[in-house]
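The following text walks through one structure. Please look at the sequence and the 3D view before reading on.

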Amino acid sequence: MSFIYDILDDWISTPSPQVKIELPEILDAYFAKVRKEGGKKHTTVKKGEGLGVLAQRLGTTQEKLKEMNVDKLKTWGAVQGFNAGETIAYQDENESGGKVYFDKVQSATIGDEVYLVVKTQNFQNRKLKINICQGKEKVLAEKDKLISVTQNGSSISLIESTVGKSDDIVDAENKEDYKDWAVSKITLKPQGDEQLKKWEDAIGKTSDNKTYLYLLVDAHSGNTDYDKDLFVYYGNKNDEAESEHSNFTNYWLDVEGKWFGLSKVKWHDPVDNPICTIYMQSGGGGSLGKHWGLFGKTRNGSTHSGLDLFAKTGENIYACVDGTIYNRRWHGGYGNTVTIKVKDKASFITFRKDYKLIHPNEGEIEKGTGYNENGDIFLFYAHLDSVEEFKFGDEVKAGQILGKTGRSGVKAGTCAPHLHFEIFSNYKTAVGTKYRINPAFYVKYKSFDEQSTAEKELQKKEKERGKIKQVYGSKKLEYKDMTDFKK
Ligand SMILES: [Zn+2]
């Protein structure tokens, strides 16, 4: 018996020659938006260097240093710090050379800057040729014809990109991750105002205010030294019999049956840099106040009916979408307010993001009872310093300035100036979260953890000024000025 086993063992351990052909492949192609993370650096703590001095030397805050080096933090009585000679990490937000990421997007708006990403294999330093094509039906061009977009200020329909080489990745800390990727930056708009108007009109005529595009990647014509039969292709939906294109050199985007949607209507955030407030009107908060500006029972059990976005007095507030002026009035505790009625509800719904509740345990919720996505939708801006001169029914465009932020309505004054922003389907104030949706599903705001040191410092500085009263803003909106408005 043992004799047989010996033979079997010998047979198994005999190496058999394996032929492996490394075929060049295109694995995926899609549209993406870039995300950058500041460079993480290290330093050695000097002798006698306290936390405050250290933070100052590195241009960061004590809080941030503690967060990033929890395991190395020492406590001596009431004092905290690091041992001399210890190597600690810190974040330099302004420095280039951080990490870069390309997040796949399924839609964008005319004028957006996006990246065309092509993932490859065994194709380093090779040149790819990429076209953006009209999908589904004629809108910007005849179906399957090329779309010209903008790159470096010029009109372009053939985008060339070299695998592993791109201005946006060569300096990145994680450039190794992209050695098999071709990445090119483009702007989704045509050249010239006349052409732009044509695009907007054409998309405006579609049933869902969107047109659908796909990518065509030509991996062969720039690499003729490869025998084209050696290429492996995926996702080619083109019917070989009918195709005018060379099936061996093309790759289609909608490998999962998904198209890239280009829309005309823009979403404009209500303030320029939406960051949630981290202090209470009274001044309490900081890292403990992470959830107080959010929607729901986020204030130790008491309800907040909107999203509070930090803003010093006098900053612009914007119409997020096209709409009509529905109200412009003084509202007691909300102070001066303006409300717009959303014009195009179907598009509005498309702006809803994949937002994950950040503080559900502290009471943050998705929506209150009675919010009706199919009903009229209103956007409500409160605590304003001033509101532009509007009449009931005036049309406003996405991105149009509606007024200025302030501290109105807060009788006792506030340490935390902000825009109070609500989205609701029934114009009723002071009903908690009823009829309301969490605005965080629409506004691209930065949570406490996403805010930079400088942004948190700005809020802290404002808090340290103490309670400031500007109860009526620069001018209290009077009833007598409000012809036609709901009173
Ligand atoms: Zn609020």
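Leaving aside its neighbours within four places in sequence, which residues is Leu309 in contact with? The model is predicted, and in it Leu309 touches Pro270, Val271, Pro274, Ile275 and Cys276, as well as His418, Leu419, Phe421 and Tyr445.

Leu309 belongs to strand β18, which covers residues 307-310. Leu307 and Leu309 point one way from this strand, while Asp308 and Phe310 point the other way. All four of these residues are buried. Strand β18 pairs with strand β25, residues 418-424, in the antiparallel sense, over four bridges. Within that pairing, Phe310 stands opposite His418 in β25.

The largest nonpolar core has 48 residues, and those touching the most other members are Cys276, Leu307, Leu309, Leu379 and Tyr381. Two or more residues of this core come from each of β18, β20 (323-330), β21 (336-342), β22 (378-387) and β25. The largest share, seven residues, is given by β22. Another core lies apart from this one; it has 38 residues, among them Phe31, Tyr178, Tyr214 and Leu216.

Next comes an open sheet. Five strands form it in the order β7-β15-β14-β9-β12, with mixed pairing. At its edges are β7 (107-109) and β12 (159-162), each of which pairs on one side only. From one strand to the next, the twist averages 30 degrees. Strands of a sheet pair through backbone hydrogen bonds, and they may be parallel or antiparallel. Strands β14 (residues 210-218) and β15 (residues 260-263) run antiparallel and are joined by four bridges. Thr211 has Leu262 in β15 as its bridge partner.

Terms used:
Residues numbered from 1 in each chain as written. Predicted model: local features only at pLDDT ≥ 70, side-chain atom pairs only at ≥ 80, totals over all residues. Pairing = 2+ DSSP bridges. Axes fitted to C-alpha atoms, helices over the stretch in contact; angles between N-to-C directions. Buried ≥ 20, exposed ≤ 12 C-beta atoms within 10 Å, placed from the backbone. Core = buried A, V, L, I, M, F, W, Y, C linked by C-beta atoms within 7 Å. Contact = placed C-beta atoms within 7 Å.
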